Amino acid sequence: EVTVPEIEFSVFGSKESFIETVEVNINLLRRRIPSSDLYMKKYTVGSHSKTDVYVVYCQSIANEENVATVQKRMSELDIDQIQDASMLLQVIEDTRSIFPQIIDTERPDRSAGALLEGKIVILTNGSPQALITPVTAFQFISAFEDYLLSWQTASALRLVRIMAVFFSIFATPLYVAILTYHPEIIPQDLFSSLVVSRTAVPFPPIMEALFLEITIELLREAG
């Protein structure tokens with residue numbers, strides 16, 4: 001039974017999500033793109049699991065080289081089992097790059113939108129997630145809900161996400177760099193508070209920051 005998205009929840013737009021049955025997922029895509037241009041190629045992956053995997057793309061829109069690359073990697077797979085789309089992602093993604101080339105989604109509307117942008121969607125039987133490839137960094141900070149809002153609102157939301165990404169990357173390094181090398185740029189009132197709070201800390205700022213980051217990650221994994 002088709003259910004409401006649990007991870008990529010949105011206020012606007014569709015309230016449908018993929019399920020574990022790949023045939024239902026294909027129908028969800030075909031209902032949104034009722035065109036003969038929508039092509040699907042079936043693969044049976046896993047010498048033991050015999051998992052059905054479908055590579056879906058719009059023939060007149062998708063880049064032929066990207067389609068050929070995905071089909072080549074699918075046909076060359078030599079693995080015992082594929083139980084989920086996440087397992088498939090690990091074996092077909094280019095491991096030579098530190099940047100992800102594939103994004104997963106549980107939303108049929110986002111997958112259909114990606115198909116009409118020339119992307120390739122991979123559906124795996126037994127998995128409620130679809131894989132979209134190739135992707136850029138910008139697509140990791142965008143949501144399909146953005147397309148349902150005015151361009152001003154959507155642009156503002158994406159700008160906030162970009163700022164949040166940069167803040168999460170640079171906040172800790174800036175804290176360490178300022179305390180270690182440039183404490184003079186800190187306002188006097190704030191600097192006095194920082195000095196008092198650090199008197200009982202027997203570690204330099206970089207060790208303090210590392211302990212804090214590691215503790216947060218451990219708590220998140222434990223949860």
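I began with lysine 50, which I located in the loop between strands β1 (38-45) and β2 (51-58); strands (E, at least two residues) and helices (H or I, at least four) are DSSP runs, numbered from the N terminus. Lysine 50 has a positive phi of about 50° although it is not a glycine.

I noted that this is a predicted model, in which local features need pLDDT of at least 70 and side-chain atom pairs count only at pLDDT 80 or more, while totals for chains, interfaces and linings use all residues. Residues are numbered from 1 along each chain as its sequence is written, and side-chain values use heavy atoms, without hydrogens and water.

I then checked the peptide bond from threonine 133 to proline 134 and found it cis, with omega near -10°. Proline 134 sits in the loop between β5 (130-133) and α5.

Next I looked up how α5 (residues 151-181) packs with α7 (residues 205-222): their axes, as lines fitted to C-alpha atoms over the stretch in contact, come within 9 Å and cross at roughly 160°, on a scale from 0 to 180 degrees between N-to-C directions. That makes α5 roughly antiparallel to α7, the term for angles over 145 degrees. Contact means heavy atoms within 4.5 Å; in α5, Thr172, Tyr175, Val176, Leu179 and Thr180 meet Pro205, Ile206, Glu208, Ala209 and Glu213 in α7. I sorted the residues of this contact into 6 nonpolar, 2 polar and 2 charged, with Ala, Val, Leu, Ile, Met, Phe, Trp, Tyr, Cys and Pro as nonpolar, Asp, Glu, Lys and Arg as charged, and the others, Gly among them, as polar.

Notes: Angles under 35 degrees count as roughly parallel, over 145 as roughly antiparallel, 65 to 115 as roughly perpendicular and the rest as oblique.
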